[in-house]
Amino acid sequence: MPILSGVSGNALQSLTAVDSWISTLNSTVSGAARTGYKTSKITFGGGTTRIDKPSQNGQLGIQFAEQALNVGSTNVDYSEGQVVASTEFTHLAINGNESAFFVLTDDATGTFPATARYYLTRDGEFHRDINGRMVSQDGLFLVGRDNVNAVALANPNTANPNDPEAGMATMIDAFNNNTPGLMRVQTTLVTDLQSLKFSKFGATVFEMTNPLLQPTLNSATGTSSAVHITGNALEASNVQLPSSLTELSLAQKIYSALTKVIQIDQQKLDNILNLIR
């Protein structure tokens, strides 16, 4: 098999970039049904340009743009999705600021040792474990914050041990009204959203280092009245399916066209070799 270079090499390099584009679009389309999913977009960069003749003395020069695509960067659109009603009282939705996230931990003891890992999410599809603690579908615990800013696991039984649903309502009101003395859900603001990294739990859960190092919304200082938590609700994905499907169709057509370029260029080389023989 001949080594791909020139036109074929550039087309192959572009194929790799377009393949990444299609992968990103496939993730976006499939993520449309996921709670709190944020759409991803890809930015293309160019390759090497060529100048055969510079422009001078009023004469037009000869220059060629890059003939291959590269993936320049990817970015996540963190704009808020629509808040939809849910029948589960343990389901929560953040609204009012796209930079606000729930804080999760993998520490089941509630003592938060130095080895504990913390995560951020907009996916409020929580449930209660046998101890009444709020847990994500990945088994991560929702972190709570009280009036002295001590970190504890959010437990809907705290406000009313005999009625967890009423306890959850009390906890939500305590957050929205910044009421001291009651358990409240821990949230944090992220100032540089594009620095967030996907975690091993998927694209709706992001890694973070330590929530105490981040500006919190419901602590004694730094309260943001614009951010609220809605109970019996979930934040839907912000994916725009019509535009994503149109873009996916375009990407597939470009992929097919680049494949045809490689086939034609290889056929040309074969014909030249046959002439030489």
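Is isoleucine 272 buried, partly exposed or exposed?

1. Isoleucine 272 has a relative accessibility of 41%, so the residue counts as partly exposed. The model under review is a predicted one. Isoleucine 272 sits in helix H3, which covers residues 241–276. Together with Leu269, Leu273 and Ile276, Ile272 makes a nonpolar surface patch of about 360 Å².

2. The interior comes next. In soluble globular proteins, nonpolar side chains tend to be buried together. Here the largest nonpolar core has 19 residues, and Leu92, Phe102, Phe126, Leu142, Met168, Val185 and Ile229 have the most contacts inside it. At least two residues of this core come from each of strand E6 (92–95), strand E7 (100–105) and helix H2 (164–176). Helix H2 contributes the most, with four residues. Another core, of 14 residues, lies apart from this one; Phe101, Leu193, Leu196 and Met208 are among its members.

3. Phe101 also takes part in ring pairing. The aromatic pairs come to seven. In one of them, the ring centres of tyrosine 78 and phenylalanine 101 are 6.3 Å apart and the planes stand at 75 degrees, so this pair is edge-to-face. Tyrosine 78 lies in the loop between strand E4 (69–76) and strand E5 (83–85), while phenylalanine 101 belongs to strand E7; the pair links distant parts of the chain, 23 residues apart. Both tyrosine 78 and phenylalanine 101 are buried. One aromatic cluster is formed by Tyr78, Phe101, Phe198 and Phe206.

4. A further edge-to-face pair joins tyrosine 119 and phenylalanine 201, with ring centres 5.2 Å apart and planes at 90 degrees. Tyrosine 119 is buried, at 2% relative accessibility.

5. Side chains of opposite charge can pair when their charged atoms come close. The structure holds seven salt bridges. Aspartate 52 and arginine 50 form one of 3.0 Å, N to O. Aspartate 52 is partly exposed at 46% relative accessible area, and arginine 50 is partly exposed at 41%.

6. In the salt bridge between aspartate 129 and arginine 133, the closest N and O atoms are 2.9 Å apart. Arginine 133 has a relative accessibility of 16%, and therefore counts as buried, the cut-off being under 20%.

7. Glutamate 207 and lysine 197 meet in a salt bridge at 4.0 Å, N to O. This pair links distant parts of the chain, ten residues apart: glutamate 207 is in strand E16 (residues 202–208), and lysine 197 is in the loop between strand E14 (187–189) and strand E15 (198–199). Glutamate 207 is partly exposed, with 27% relative accessible area, whereas lysine 197 is exposed, with 53%.

8. Salt bridges also link Lys38, Glu80, Arg122 and Glu235 in a network.

9. Threonine 39 is located in the loop between helix H1 (6–30) and strand E1 (40–46). The relative accessible area of threonine 39 is 6%, so this residue is buried. Leaving aside residues up to four places away in sequence, threonine 39 touches Thr28, Asn75, Val76, Asp77, Asn238 and Val239.

Methods: Residues are numbered from 1 along each chain as its sequence is written. This is a predicted model: local features need pLDDT of at least 70, side-chain atom pairs count only at pLDDT 80 or more; totals for chains, interfaces and linings use all residues. Side-chain values use heavy atoms; hydrogens and water are left out. A nonpolar core is a set of buried Ala, Val, Leu, Ile, Met, Phe, Trp, Tyr and Cys residues joined through side-chain atoms within 4.5 Å. Buried means under 20% relative accessible area, exposed over 50%, partly exposed in between (1.4 Å probe, protein chains only). Patches are made of residues with over 30% relative accessible area and no salt bridge: like charges are joined within 9 Å, nonpolar side chains (Val, Leu, Ile, Met, Phe, Trp, Tyr) within 5 Å. Accessible areas come from the Shrake-Rupley method with a 1.4 Å probe; for residues, only the protein chains shown count as cover. A salt bridge is a side-chain nitrogen of Lys or Arg within 4 Å of a carboxyl oxygen of Asp or Glu. Contact means heavy atoms within 4.5 Å. Rings of Phe, Tyr and Trp (its six-membered ring) pair if their centres lie within 6.5 Å; planes under 30 degrees apart count as stacked, over 60 as edge-to-face and the rest as tilted.
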